[in-house]
Amino acid sequence: MSTTAMVAGGYEELVLRDRVHSRIFTDPAVYAEELVNIFEGNWVYIAHESEVAHRGDYVIRHIGRQPVIVVRSREGVRVHFNRCRHRGTALCNRPAGNTNFFRCPYHGWTYDNDGKLVGVPYPSGYGPDFDKSEFRLEAAPYVDSYRGFLFASVASPSSSLTDWLGPRVREIIDAFADVSPTGRILARAGVNRTVFRGNWKYVGMDGYHFNFTHKSINALNEHHGKPPMEEFQETAPGQMWDYGNGHCRLDHDELRKGSHTDEMTERIRAMEGGAEYLAELQSRTGDRMALTLSRSHDPHLGVWPNLQLLGYHIRLIRPLGPDRTEVIAFPTLLEDAPTALNEARVARHQLLFGPAGFVQPDDSELFERNQLGLQAAVNPWIFIGRGLDRERVHDDGAISSHVTDETTQRGQMKMWLRQMTRNSGVRDEHGD
Amino acid sequence: MSTATDPEPAVSREDVESFLALEAHLLDTRAYDDWLELWAPTSRYLVPGGPGADEHPQVALIDDDRATLEDRVFRMKHPASHALDPPPKAVRLVGNAVIELAEGAAIEARSAYLLVVNRQGDQTVYAARQHHRLIERDGRLEILLKRVDLTCSEDPIRNLTFLP
């Protein structure tokens, strides 16, 4: 079905070099196509493998609108659609749990963790030709993972996961995980769920807003005689990146060199087990230790469309409507790291994020006010031209600019347009 | 062990119920500085989040010691806290209190709690079980622990920047 027919003039007219049409944030018809072309059209993040650490552990997630069970079977992590093959009932009605069998409460059809149909009640009613192997749980057709980050795709993806992420994104994910003595982070410290009345595309990766949206944080620091946050000042040494494929990052590596990382290191050294932890990290990362530590403190990475790594947490963005979005935060622990270090990670996350945090609610509030403002659509253009004149294009095609610019927004909108006009090489299984 | 010459307990059930009502009143009227005075110097305000894995530590919605609570109040009073601009109107109803008074020990008060919040045309009802651990010092009660188990703690929440 032609999708551009639904939008007069086509999507190319809605995404320009320095501005986008607000309809892409408000129009239910556009949202419906985003679900198909973006969320059910290519790789999306669904869970971290550490969430299903033990056999039988499962969590319920969504690929676009499609509810899936992410479960650890004897064979590994499996992703099945949460739908009985009999009459379509949702098999799991809790967000997480542990079970060796999925038994449909409606008529008792039973599946193992690998999705195999192992039992139906009163089987003689199905006759001698009934073949249970034809009724296994439908699996997500494409599943792959990187450093425990599990991605899935409903449609044939544009490339392998490794290529979809690209080396620059993988390097940042590596730093996030490499600060764990085993190289494994654990998304096992609970979850914060926030919902806001606004579009999913507002979330995160903005380097211009901090001193205004989060002015109260600077005021609190001043109240304690501390300087304002340096990260997002006009003269900050930070940069922002469009890594391609809609992935992007706010990069504070330069700012955090030297005294920032030294302070972080000393705080860790003062913890019980801290000195041993640092020695082990040093032996494993060598002269990349400071950079690894600094990046793991706040990767500020956006993996299009629905994953972000911020501070110590994994952020999962779940669109519920053109004007309704759920943001789920998974603070992460470092496997085999000192308890004090993991406690500090969770405490810091808790203070800032979640619906009662010091930082996140002001973002939600502004996203809601943004959605309200877009109703005044007589002039529909959203200006995202900041920093266009000072971007630098690198040899691999990545684009960087100052951390307060809008290179990240432009990078996301470029990928949005490619996916919505099906120019990303995405092929539907059925040949559309 | 009681004897004929035991003095009356310093704190009565009525004192505790009045204290809970006073706390609710101070929060409803946004008298945050007066509310902070109710807290012991070493105290904890805990609003657990949803259940996570059976491992420590687990993230909460709020888990403040007294110093962090003061920072929270500072932010709540700050004019640039956008999530509280305008501030919500809220009324709290505390009841069904089960109170354990013990001579020389902290007072444990468990109660039910309904909170109605109005902001920008939306009215939201929150419900919780509360647990206050109080001590009596110099003729007044102080909070050592306030734990609020919201019925919505595992659900997506829009804005919990008021004090639940």
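Predicted model: local features only at pLDDT ≥ 70, side-chain atom pairs only at ≥ 80, totals over all residues.

Biologist: In what order do the strands of the open sheet in chain A come?

Modeller: The order is β2-β11-β10 in chain A, with antiparallel pairing throughout this sheet of 3 strands. The edge strands are β2 (44-48) and β10 (142-146) of chain A, each of which pairs on one side only. On average, neighbouring strands are turned by 30 degrees against each other, direction ignored.

Biologist: Over how many bridges do β2(A) and β11 of chain A pair?

Modeller: There are 4 bridges between β2(A) and β11 (residues 149-153) of chain A, in the antiparallel sense. Within that pairing, A:F149 in β11(A) is the residue opposite A:H48.

Biologist: And which strands does helix α3 of chain A lie across?

Modeller: Helix α3 (residues 161-178) lies across β10 and β11 of chain A, at about 30 degrees to β10(A).

Biologist: Changing topic: how many aromatic pairs are there over all chains?

Modeller: The search of the whole structure gives 20. In one of them, the ring centres of B:W35 and B:W39 are 5.4 Å apart and the planes stand at 75 degrees, so the pair is edge-to-face.

Biologist: Are B:W35 and B:W39 buried or exposed?

Modeller: Both B:W35 and B:W39 are buried.

Biologist: Which residues form an aromatic cluster with A:F25?

Modeller: A:F196, A:Y202 and A:F367 form one cluster with A:F25. The ring of A:F25 also has the charged end of A:K201 over it, 4.8 Å from the ring centre.

Biologist: What lies over the face of A:Y208?

Modeller: That is A:R386, at 4.1 Å from the ring centre of A:Y208.

Notes: Residues numbered from 1 in each chain as written. Chains lettered and ligands numbered in written order. Heavy atoms only, no water. Pairing = 2+ DSSP bridges. Helix = DSSP H or I, 4+ residues; strand = E, 2+ residues; numbered from the N terminus. Axes fitted to C-alpha atoms, helices over the stretch in contact; angles between N-to-C directions. Contact = heavy atoms within 4.5 Å. Phe/Tyr/Trp six-rings, centres within 6.5 Å; stacked < 30°, edge-to-face > 60°. Buried < 20%, exposed > 50% of the residue type's maximum accessible area, 1.4 Å probe, protein only. Lys NZ or Arg CZ within 6 Å of the ring centre and 35° of its normal.
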